[in-house]
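Subject: Structure handover

Hello,

Here is the structure for your files. My notes on it follow below.

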Amino acid sequence: MPSEKSQYTPAPPIPTYDEAISGNPSSSRRDWPPPASPIDTRPDHETEAQSLLFSRSRQTDSSRRGPNGYRPPYVESDDEGSQWTLEDDESDNGEDAQVRREMQELEVEDPLDESSTRSSSSWRKRIASSLPQWKWRWRLPRLTVRLPRQTDNTDSGDTEPSETRRRFRLPAINSAAAILLVGRLLAVVLILGFLYLLFMSDLFTGMARRMGGHMFDPEDVRRFVQSEINSDMMRNTLKHFTSYAHIAGTEGDYALAMDVRNDFMKYGLEDVTVDQYYVYLNYPKEGGRAVQIMSEDGKEAKWTAALEENEVGGESAGRQTYVFHGHSKAGDVKGPLIYANYGSRDDFKKLADKGIDTKGAIALVRYYGTQGDRALKIKAAELAGFAGCIIYSDPAEDGFLKGEPAPVGRYMPSDGVQRGGVSLMSWVVGDVLTPGWESKDGMPRMTKEQTPGLVKIPSLPLAWRDAQILLQHIQGFGEPCSDDWHGGVPDVEWWTGNSSSPIVRLKNEQDEEERQEIWNVYGKIAGVEQNEKSIIIGNHRDAWAFGATDPNSGTAVMLEVARIFGDLVTRGWRPLRTIEFMSWDAEEYNLIGSTEFVEKNLEYLQKNAFAYINLDTAVSGQEFHAAASPVFRKVLYKVIDRVFDPILNATLRTLWDGRNAEIESLGAGSDFVAFQDMAGTSSIDISFGGAAHPYHSSYDNFDWMDRVGDPGFIYHNLLGQVLGLLILELADRPILPFDMGYYALSLNQYLASLSQWGEDKGVSNRYNLDPIRNAISEVEKSIAEFEKWEISWEQAVVASNGWEPISLGQRRGDYNSRMALFETGLLDLEQNGGIPNRTQFKHVVFGPELWSGYDAAYFPAIRDAVDAEDWPLTQKIIDKTAGIISRAAKALME
């Protein structure tokens with residue numbers, strides 16, 4: 001039998017409906033429904049619901065119970081007996097009771113019910129029962145908001161019975177609540193103050209920098225950049241950019257400008273901008289150019305040169321570029337033909353010494369040789385009295401005598417013509433009508449007759465196929481040429497010609513646009529630390545023909561590197577300094593696009609441009625070359641030491657050392673000129689060369705590059721690696737990796753070169769270089785002291801386990817700025833300062849000589865004065881140069 005303890009007690013029977021009704025005294029009230037309130041105007045169905053909610057039958061005495069303890073349901077008992085009732089809440093260690101008290105702090109008293117606390121308690125219980133059991137300890141003073149009641153009317157004589165008045169009762173705050181409130185406000189202030197100190201403290205800054213470094217390990221970034229260079233993508237880019245001719249300012253040039261802009265945007269570069277300038281350009285006319293041998297009376301043409309190259313572009317390329325000289329003088333002139341070797345001033349002097357009258361004659365000269373600048377050949381002919389000048393490509397310098405001609409080989413074929421600009425780049429750079437200021441709308445302009453940047457006699461380039469006929473017709477005229485005047489044109493006896501030579505006509509009719517629109521395109525990646533400081537990468541886009549080597553091999557490399565750095569940004573990486581990519585226009589005419597940009601932004605660049613990397617004729621061979629300011633020596637060697645040549649099976653540094661290569665000097669032949677010589681921005685030009693290409697001809701096309709120039713685009717890939725690594729080192733190294741010590745050493749070498757040049761001319765006793773020598777000694781001492789800070793910085797960072805306090809980081813930024821500004825400090829920025837008569841060029845160490853053209857010259861202003869044999873001016877420039885160098889040395893230590 002079951003025990004007494006386990007006896008089962010049956011549940012009470014469920015009552016019938018009548019039993020339940022009979023057991024509730026309130027169910028049979030005689031006064032139901034209740035009388036209507038005098039202020040309640042609601043309809044009956046709403047008052048009935050209100051009566052159910054607020055009837056006095058809610059009392060919980062024993063009279064509510066039916067038979068056997070049954071209680072009928074009512075409003076307040078909807079969830080009685082559940083685990084969420086107030087009674088259970090109060091028994092749970094006071095935690096849920098605390099929540100209930102929070103609910104009590106917001107009460108709404110109904111004006112229709114005198115017993116508002118009962119109604120609100122029902123609302124509070126339902127809300128409380130739906131909340132989780134939080135460990136909540138915050139509590140605010142109780143706030144009661146009373147809605148208007150009829151009994152709130154205090155002046156029954158002035159107010160209608162239906163009017164009500166709102167009352168707001170401030171919370172009653174006792175001393176304990178006030179202390180609690182003040183304490184909490186104080187806690188908030190302390191927390192905010194702590195956060196402010198955390199953001200401003202050295203600890204937070206150093207920690208943030210360490211976190212960024214841990215996110216992107218520098219070595220991982222370098223490997224990523226090297227591995228992501230894609231030869232196939234560069235091949236496709238070059239194929240597109242060489243698919244039609246794109247001389248500056250033409251439709252083809254504009255189309256490629258928009259392509260560059262779209263690529264920059266697609267790659268995620270920021271602030272992508274197309275910058276227009278309005279400059280003087282000339283274009284050839286169909287049928288407007290001619291070289292002819294005339295009859296003796298000069299009225300009829302006995303022979304006419306073919307002029308144009310054979311068609312190599314194909315129908316898809318559109319019209320092939322006509323043969324002409326950019327910025328040439330328009331004209332139609334006739335005169336006896338005279339051969340003048342390379343067209344240097346010495347060559348014309350030899351003709352004069354032989355008694356050959358050159359006035360009114362037509363000069364025939366060959367490219368390269370003792371005068372490399374084609375414009376200076378024409379200027380020398382002009383000064384010698386010639387009426388016109390023809391420049392041809394000789395096989396001895398660029399043709400079959402050097403190797404296999406294009407399209408099979410690297411040299412100029414018999415019909416190949418080297419186009420090019422003939423504005424005087426070493427005299428005036430940029431738009432020749434706005435020297436010294438940008439060519440924007442509304443800016444003043446010179447006339448073509450006023451500018452010193454244009455030659456004053458017409459000229460044309462010629463293939464050796466046509467030059468051969470001219471040379472054969474002057475045989476027996478003038479004097480036989482010496483061996484050093486002999487070229488490589490076959491079947492020719494070399495004579496100078498004279499005033500009795502056959503008459504030659506040179507016609508050059510052209511379209512001239514004094515305000516032709518051109519387009520630079522810019523895009524950048526903003527730095528996170530010194531974002532106002534820039535590392536600029538530039539390449540010109542315009543070409544004389546299809547431009548596979550010059551310039552679009554550089555375009556393909558630059559766009560590929562921009563793509564990779566854009567990819568890095570999408571992954572969250574940012575450089576310390578801003579990286580800017582720039583596509584220049586009209587470089588071929590006179591470095592116009594880059595120069596106009598520098599002239600427009602000169603002061604900003606002098607202050608904020610840390611370095612400029614130039615790509616021009618980027619890939620034509622297998623030898624790596626770099627022409628640069630001396631500051632790049634250390635970082636360049638570090639970069640090429642990790643780039644491996646798979647063809648020659650060695651690093652670029654090993655190959656560099658194997659041929660005893662050195663960093664070359666910057667001349668005046670590409671877009672670095674304005675940055676280095678005008679803005680004082682340390683510049684470097686990088687390329688793979690060492691082999692010829694069909695320069696400025698239609699044979700420099702994609703097919704030639706794909707088969708001959710760089711099959712497989714291997715050296716495009718290697719140059720992309722070099723460029724990417726250079727950018728990383730310059731833009732993301734905490735300390736700018738400039739080799740200041742090598743700059744000091746180079747200054748001594750440059751001075752020794754100047755001294756030897758003067759001795760060779762026999763004039764070194766006419767001036768004293770000691771002031772410059774002493775100033776360079778100051779530079780050596782300042783740099784030795786200056787570089788000690790970098791060692792102390794490294795020691796401080798290592799000692800703090802890689803953490804850099806913000807104060808130390810600020811000093812590091814100032815150290816970087818002073819390092820970069822050393823080059824800027826070598827500018828002659830006085831009023832009318834710069835090289836006399838060529839004041840666009842401000843650098844006292846670097847710049848073109850007056851008659852050197854593309855060649856580099858050290859201390860060019862001094863050399864110009866020596867050439868002019870103006871000894872007082874020479875010494876004045878020497879003293880001024882020494883003072884500028886000395887001030888640059890002192891600025892390092894300030």
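The protein exposes about 41000 Å², and carbon and sulfur atoms supply 52% of that area. Accessible areas come from the Shrake-Rupley method with a 1.4 Å probe, and for residues only the protein chains shown count as cover. This is a predicted model, in which local features need pLDDT of at least 70 and side-chain atom pairs count only at pLDDT 80 or more, while totals for chains, interfaces and linings use all residues. Residues are numbered from 1 along each chain as its sequence is written, and side-chain values use heavy atoms, with hydrogens and water left out.

Overall make-up

The protein has 29 helices and 21 strands (DSSP runs numbered from the N terminus: helices are H or I with at least four residues, strands are E with at least two). Of its 894 residues, 52% count as buried (under 20% relative accessible area; exposed is over 50% and partly exposed in between, with a 1.4 Å probe and protein chains only). Among contacts with a separation of 6 or more, 79% are between residues 24 or more positions apart (a contact means heavy atoms within 4.5 Å).

Helix α12

Helix α12 (residues 374-383) is largely enclosed by the rest of the structure, because nine of its 10 residues are buried. At the start of α12, a side-chain oxygen of Asp-373 comes to within 2.8 Å of the backbone nitrogen of Ala-375. Just after the helix, Gly-385 has a positive phi of about 95°.

Salt bridges

There are 40 salt bridges in the structure (a side-chain nitrogen of Lys or Arg within 4 Å of a carboxyl oxygen of Asp or Glu).

- Arg-505 pairs with Asp-332, with the closest N and O atoms 2.6 Å apart. This pair links distant parts of the chain, 173 residues apart: Arg-505 is in strand β12 (residues 503-525) and Asp-332 in strand β7 (residues 331-339). Arg-505 counts as buried at 18% relative accessibility, whereas Asp-332 is partly exposed at 39%.
- Arg-653 and Asp-657 form a salt bridge at 3.1 Å, N to O. They are separated by about one helical turn, because they lie four residues apart in helix α20 (residues 652-658). Arg-653 is partly exposed, with a relative accessible area of 23%, and Asp-657 is partly exposed at 39%.
- Asp-814 and Arg-818 form a salt bridge at 3.0 Å, N to O. Both lie in helix α27 (residues 806-824), four residues apart, about one turn of the helix. Asp-814 is partly exposed at 38% relative accessibility.

The elements giving two or more residues to the lining are α13 (395-398), α16 (587-590), β16 (623-628) and β19 (682-689).

Regards

Conventions
Polar contact = N/O pair within 3.5 Å; in protein donor to acceptor, adjacent residues only side chain to side chain.
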